[in-house]
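The exercises below are meant to be worked through with the sequence and the model side by side. Try each task before reading its solution.

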Amino acid sequence: MAVAVAGSVMAFSSVKMQAGAQNEDKMVAGHSTGIYRTTGDVLDPEHDSRQLSNAVVDPDKYLREFNYGHVSKLPDGTTLREFTIVADDKRVMEVSPGVSYNVWTFNGTVPGPTIRATEGDLVRIHFVNNGTLPHTMHFHSIHAAEMDGAFDQVAPGGRFIYEFTAEPFGLHLYHCHVQPLEEHIAHGLYGAYIVDPKGPRPPADEMVMMMNGYDTDFDTENNFYTVNGIPFYYMHHPIQIEKNQSVRVYLVNILEFDQINNFHLHGNLFHLYRTGTSLTPDEYADMVTMSQGERAILEFTYKYPGQYMFHAHKTEFAEKGWTGAFLVRE
């Protein structure tokens, strides 16, 4: 059991770790090639497929769940989409089998809900702060200054309405913007924000992947890296897709404490739309590297059935949880 709350940590590792004589490096069983060397405390759940009893998120549900809000029409014909988002910083939930952490959540999960609208819609966010600290919502998009969530903090127990037109079309994100910013992001206050073009993109099997990490011993070095909140989840539960079917991944990097993150797809290449603000792909590749806050839309189709990995092409990240698989079916 590893519990990380109120600035303390008790750690149990399911793999054997051997400290080096001088630099205290750890020798840890790797996911494919035996042993690798790393620094920091590693809690490696790769071979632990237990179900989490109080999981920070259901990665299967989060993957393909889009929140379109409560939809109505204004007198001028504009579509109004209303959302209620509740911030909390008191929850202790499992981020990996046997590892509980004080997560800060939007609507009870990390990542928060994927907010989705169409270009030109009026988006209205009813924000409620149920936490013990000030929080806000800052959207990466075009909006008025008073809707930016950077200066006007919402106190504990407070409420605020963010309202703006959904623009431009593309893949965006939102996160708390209260300082110290790294603390609010590292604990989990973030989510994806998708604005569809008025002329919809071609049909595809759509899914969201949020690249994040957890610093469970509070040393500003991540102990876990994930896509969609739980380390190695999609290795134990491969994402099922169909052969010859178009797949569209909305990929967002919100990783704290590391300067870059990346995504590598096995056995295939994808059309890459950086930020998704153009309908013309920027490149055709099997890997993309991003700094924090960068995002991209990936589109691809598998020709051959079977199981294919996707993961960070940064070995430490992959070995600490940022690894998954697609199961391509006939």
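**Exercise 1. The cavity.** Which helix and which strand each supply at least two residues of the lining of the largest cavity?

Solution. This is a predicted model, in which local features need pLDDT of at least 70 and side-chain atom pairs count only at pLDDT 80 or more, while totals for chains, interfaces and linings use all residues. Residues are numbered from 1 along each chain as its sequence is written, and side-chain values use heavy atoms, with hydrogens and water left out.

Step one is to find the cavity, which is a set of points on a 1 Å grid over the protein atoms alone where a 1.4 Å probe fits but cannot get out. Searching the whole structure gives one cavity of 30 Å³ or more, and the volume of the largest cavity is about 40 Å³, a volume being the space filled by probe spheres set on grid points that are joined across faces, edges and corners.

Step two is to list the lining, meaning residues with an atom within 4 Å of a point: I185, A186, Y190, N212, G213, N222, I254, L255, E256 and F257.

Step three is to assign elements, where helices (H or I, at least four residues) and strands (E, at least two) are DSSP runs numbered from the N terminus. The elements that each supply at least two lining residues are α2 (181-186) and β14 (205-214).

Step four is to sort the lining by class, which gives six nonpolar, three polar and one charged residues; here Ala, Val, Leu, Ile, Met, Phe, Trp, Tyr, Cys and Pro count as nonpolar, Asp, Glu, Lys and Arg as charged, and the others, Gly among them, as polar.

**Exercise 2. The partner of β14.** Determine how β14 and β15 run relative to each other, and how the side chains of β15 are placed.

Solution. Two strands pair if DSSP finds at least two bridges between them, and β14 and β15 are joined by four bridges and run antiparallel. Within this pairing, M211 has V227 of β15 as its bridge partner. In a regular strand the side chains alternate between the two faces of the sheet. In β15 (residues 224-227), F224 and T226 point one way and Y225 and V227 the other way, and all are buried, that is, under 20% relative accessible area with a 1.4 Å probe and protein chains only, whereas over 50% is exposed and the range in between is partly exposed.

**Exercise 3. The strand β9.** Which strands pair with β9, and in which sense?

Solution. On one hand, β6 (residues 79-96) is joined to β9 by seven bridges and runs parallel to it, with I85 opposite F127. On the other hand, β9 pairs with β11 (residues 159-165) in the antiparallel sense, also over seven bridges, and L122 stands opposite T165 in β11. As for burial, six of the eight residues of β9 (residues 122-129) are buried, so the strand is mostly covered.

Terms used. On a 1 Å grid over the protein atoms alone, a cavity is a set of points where a 1.4 Å probe fits but cannot get out, and a pocket is an open set with protein on both sides within 12 Å along at least five of seven lines; lining residues have an atom within 4 Å of a point.
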